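Hi,

Here is the structure I promised to pass on to you. Have a look around first, and then read my notes below.

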Protein chains: 2
Amino acid sequence: MAAEILCVGTELLLGNITNGNARWLAEQLASLGIPHHRQTVVGDNRQRLIEAVQAASQRCRVLITTGGLGPTPDDLTTEALAAAFSTPLQERPELWADIQAKLSGRGRPIAASNRRQALLPQGAEVLPNPTGTAAGMIWSPRPGFTILTFPGVPSEMRAMWRATAAPWLRDQGLAPGVFASRMLRFWGVGESNLAEQLGDLLEQSNPTVAPYAGAGEVKLRLTACAATTDAAEALLAPLEAQIRARTGDACFGADDDALAAVVLARLRARGQTLAVAESCTGGGLGAALAAVPGASDVWLGGVIAYANVVKQRLLGVPALLIEQHGAVSDPVAQAMAEGARRATGADWALAITGVAGPGGGSDAKPVGLVHIAVAGPDGCSSEGVRFSPSRGRAWIQTLSSGEALNRLRLRLA
Amino acid sequence: MAAEILCVGTELLLGNITNGNARWLAEQLASLGIPHHRQTVVGDNRQRLIEAVQAASQRCRVLITTGGLGPTPDDLTTEALAAAFSTPLQERPELWADIQAKLSGRGRPIAASNRRQALLPQGAEVLPNPTGTAAGMIWSPRPGFTILTFPGVPSEMRAMWRATAAPWLRDQGLAPGVFASRMLRFWGVGESNLAEQLGDLLEQSNPTVAPYAGAGEVKLRLTACAATTDAAEALLAPLEAQIRARTGDACFGADDDALAAVVLARLRARGQTLAVAESCTGGGLGAALAAVPGASDVWLGGVIAYANVVKQRLLGVPALLIEQHGAVSDPVAQAMAEGARRATGADWALAITGVAGPGGGSDAKPVGLVHIAVAGPDGCSSEGVRFSPSRGRAWIQTLSSGEALNRLRLRLA
């Protein structure tokens, strides 16, 4: 095993903050191709810190710690690490000078407690902090085991990683090779279905394929390891082609392609525009489109027709139609979509009307029933879909927006 | 030591996702008053999972795991836990029936792999999953050590925690006393400002006050510990009163009161209705209102006027006004709000127009500049606000929606 991450801070154990540092470091290790098999969080507690470090030293070659390098009494990382390997602390005059200079430069008083930040275990190298007073260290308390310490402040940790730690790690030969990975994204197919279609591929070891389920969307991560980036990419390409061939049009994109962005790109390529008419999603479909930077050349906006009066006044849905079929019906969804096209002048429109719950359901129109219409230059179609009501209102709304976008994607194929 | 958290998933080690589950569970344990001293993350690897669980069983009384309960081959948690304590797996017929019913209910085919999700170690109790097919368990493989397993999907994990795990933990007597807590929610005041106003209160030990910052919103968690719930609540009441008195109208609610729900409740009490006109938020404000169950008696909907043509056609904003002042301006925001009132017949309307970025900014109208108008029976007002562009488009959109709702809340006070 190559690396582990140890995050130190009682605020993490109290749930005051999310451990964004662990995620960021994990991404960095993955991109360096350094295998990393465990993350640990402990509080500002000397004994538990010592135990965690000693256990890690039995498992990994590089331990990366964050947090506990500040000047206050509950900042214990450096001291506990030294104690874990029975090594004395030494003041580093160059660190103390740097700390004093930084504090004076900010017009801040120099507290006696800041002097603690100049202490490092005997034999440790300084891992410089260009902006803050909390320097880290690179220290091998014994052969084959090295600790890199970082402060918990994300901006300082990241700058130190990039300037010093990443180059150092690259030079250590810890990576078994170079990794390349690709995320394929699917709509309209369940995780277990996908796993069954691709069962043999999920078993293979290089490249690997791992599925992830989200709200309506399913993702597959393809990861390959080889001697060079080109060789790793070359392992991925035929696998991706095979998966796409087997799964047909369920795969809507890769990596950072959001479903809304894929739809907008297809419309942009055609020089066409889009509008929305939303009832039960209340703006959620629009928000998904507005999340895509530069959406405005394709997406014009639309109408949030939450109340029937808005469906009538702004989309021109006849009151009689609502009376005859109910607001949650294909005829009303179609009238909403056509109304949005007419009102905005867009080439295409998506309309959503449904029962998001928890109230408002009936035997005929249960919670989770949603009618989605796609109107375009070549006509308008609508179909109902029943989402499970068990995951609640927000889930139904998210799935409705995604389903609408996916239907348009398939129409534009 | 009482509890530990073990999160399972290679996606966490690859940095694909942030470990939000660990934070959420940490908050829940803190609110139950159950001490928790360590979090561990391991990948989808049988041997490392076994080692992590065996080590935890030496340290803690309750181990909470997330992830690895799905139907795919890399979902290994249940199997590895059983192996760690040399216990055979048994199929639970009631679980298998439930899984089949859920999949049929969604019109999804039943894959053979789903049957794995009906297996639990001998002696384990089911921890029911009301929505998904991945049930958890409550299992004491030996006296004084209990494992609770949860799927990694946050919504399922949270529902299972609330329905079954939290009541179970409360009954175990793991907490040193009875805790009561209350979350006060603020808009329009920064975390450090609030901390300064309440500095003395943040220092005290029972009840404690801890600030949390979110997207625009700041929260304070008040926690008291006493022999009985009534006694703990009695410690909270005067503290809450003192904080509300010091912070004035910045506190918009408590616990589960979302800002949108507070605004809708005030309008409902007046018998008045609301519409929206959104440009740069693209439906996000509507989505926040639609997230509140039962919003439809107050909120009618509105117009997503992303393109200027929609501002003109559906909201009646004069083209000349846009030409003279630009779409991001107080006059246009006011015309949008008045247009939304007129078009929908609502008593009140909120309009948002701004530069969400990353493109589209200029010296005069930089990224982060947003104009927000509130129109009501007693007139219309608009004011610009500059959000920091550094946190990106989604952040600016979220803050804009919240700011609009908060302005209306203050108008309705």
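Let's begin with the domains: chain A is split into domain 1 (3-171), domain 2 (178-254) and domain 3 (259-411), with bounds that come from an automatic or database domain assignment. The centres of domain 2 and domain 3 of chain A, taken over C-alpha atoms, are 31 Å apart.

Before going further, please note that this is a predicted model, where local features need pLDDT of at least 70, side-chain atom pairs count only at pLDDT 80 or more, and totals for chains, interfaces and linings use all residues. Residues are numbered from 1 along each chain as its sequence is written, while chains are lettered from A and ligands numbered from 1 in the order in which they are written.

Now to the two chains: 77 residues of chain B are in contact with 74 residues of chain A (C-beta atoms, placed from the backbone, within 7 Å). Strand β2 (residues 36-42) of chain A pairs with strand β2 (residues 36-42) of chain B, antiparallel, over five bridges. Pairing requires at least two DSSP bridges; strands (E, at least two residues) and helices (H or I, at least four) are DSSP runs, numbered from the N terminus. In this pair, A:Thr40 sits opposite B:Thr40.

After α4(B) comes B:Ser86, with a positive phi near 45 degrees.

Enjoy exploring!
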